[in-house]
Amino acid sequence: MTAIDDLLHRHAIGVDHGAPGVPTPVPSLHLAIVTCMDARIKVFDVFGLRHGEAHIMRNAGGVVTDDVIRSLAISQRKLETREVIVMQHTSCGLSLITEDEFKDELEKDTKLRPPWAIEAFREVKDSVRQSVERVRRSPFVPYRDHVRGFVYDVANAELTEVI
């Protein structure tokens, strides 16, 4: 049995009934959260979220990339979000690699160098600051007054605001 088959089985016997009580894609807290794809981060638990309260965007590192800006633009302009949380975390895989080393590895294996940035970083707080600044400076994201950044500690669940 594959991992996908296992998850399909879990879904079939599970308690997920969709979200019939949430009739709209507009999140009730008018909030978007950008965070990492790391499996240790249970975003709903971190913030005590319920169905329908926030848009959640995840990628490697929780970095604000062009695609995240695209999603935030849609979230704000068409689905009424007004606040943004950028939450990255300790012990992130992106802090263990470098931009050039990973691009070199990909180029060696594929004979093509990726045109996109890896967004590797050494200091997570600096990466959070940069991502928050990208949201604040984007002309495509109209509501930029309430953009805040945080570091989540995967070892103890501590959430620290980055100023």
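Author: Happy to. Let's begin with Asp-6, which forms a salt bridge with Arg-10, their closest N and O atoms being 3.0 Å apart. A salt bridge here is a side-chain nitrogen of Lys or Arg within 4 Å of a carboxyl oxygen of Asp or Glu. Before we go on, a word on the source: this is a predicted model, in which local features need pLDDT of at least 70 and side-chain atom pairs count only at pLDDT 80 or more, while totals for chains, interfaces and linings use all residues. Residues are numbered from 1 along each chain as its sequence is written, and side-chain values use heavy atoms, with hydrogens and water left out.

Both Asp-6 and Arg-10 sit in helix H1 (residues 3-13), 4 residues apart, about one turn of the helix. Helices (H or I, at least four residues) and strands (E, at least two) are DSSP runs, numbered from the N terminus. Asp-6 is partly exposed, with a relative accessible area of 26%; on this scale buried means under 20%, exposed means over 50%, and partly exposed lies in between (1.4 Å probe, protein chains only).

Helix H5 holds another pair. There, Arg-129 and Asp-126 meet through their side chains in a salt bridge, at 3.1 Å from N to O. These two are 3 residues apart in H5, again about one turn of the helix. Arg-129 has a relative accessible area of 37% and is partly exposed, and Asp-126, at 45%, counts as partly exposed too.

Next comes Glu-107, whose salt bridge with Arg-113 brings the closest N and O atoms to 2.9 Å. Glu-107 is partly exposed at 33% relative accessibility, and Arg-113 is partly exposed at 34%. This pair belongs to a network of salt bridges that links Asp-100, Asp-104, Glu-107 and Arg-113. Helix H4 covers residues 99-110; its 12 residues reach 16 Å from first C-alpha to last, close to the 16 Å expected at 1.5 Å a residue, where the expected span is 1.5 Å times one less than the number of residues. After H4 comes Lys-111, with a positive phi near 70°. A search of the whole structure finds 12 salt bridges.

Now for the nonpolar side of the picture. A nonpolar core is a set of buried Ala, Val, Leu, Ile, Met, Phe, Trp, Tyr and Cys residues joined through side-chain atoms within 4.5 Å. The largest one has 33 residues, and those touching the most other members are Ile-33, Val-34, Val-64, Leu-72, Val-84 and Val-135. At least two of its residues come from each of strands E1 (31-36), E2 (54-59), E3 (83-89) and E4 (147-152) and helices H3 (66-79) and H5 (124-137). E1 gives the largest share, 5 residues. Leaving aside residues up to four places away in sequence, Val-64 touches Val-34, Ile-69, Val-86, Ser-131, Arg-134 and Val-135, a contact being heavy atoms within 4.5 Å.

Finally, the whole chain. Its secondary structure comes to 5 helices and 5 strands, in the order α-β-α-β-α-β-α-α-β-β. Of its 163 residues, 34% are buried. Among contacts with a separation of 6 or more, 62% join residues 24 or more positions apart. The C-alpha trace spans about 50 × 50 × 35 Å along its principal axes.
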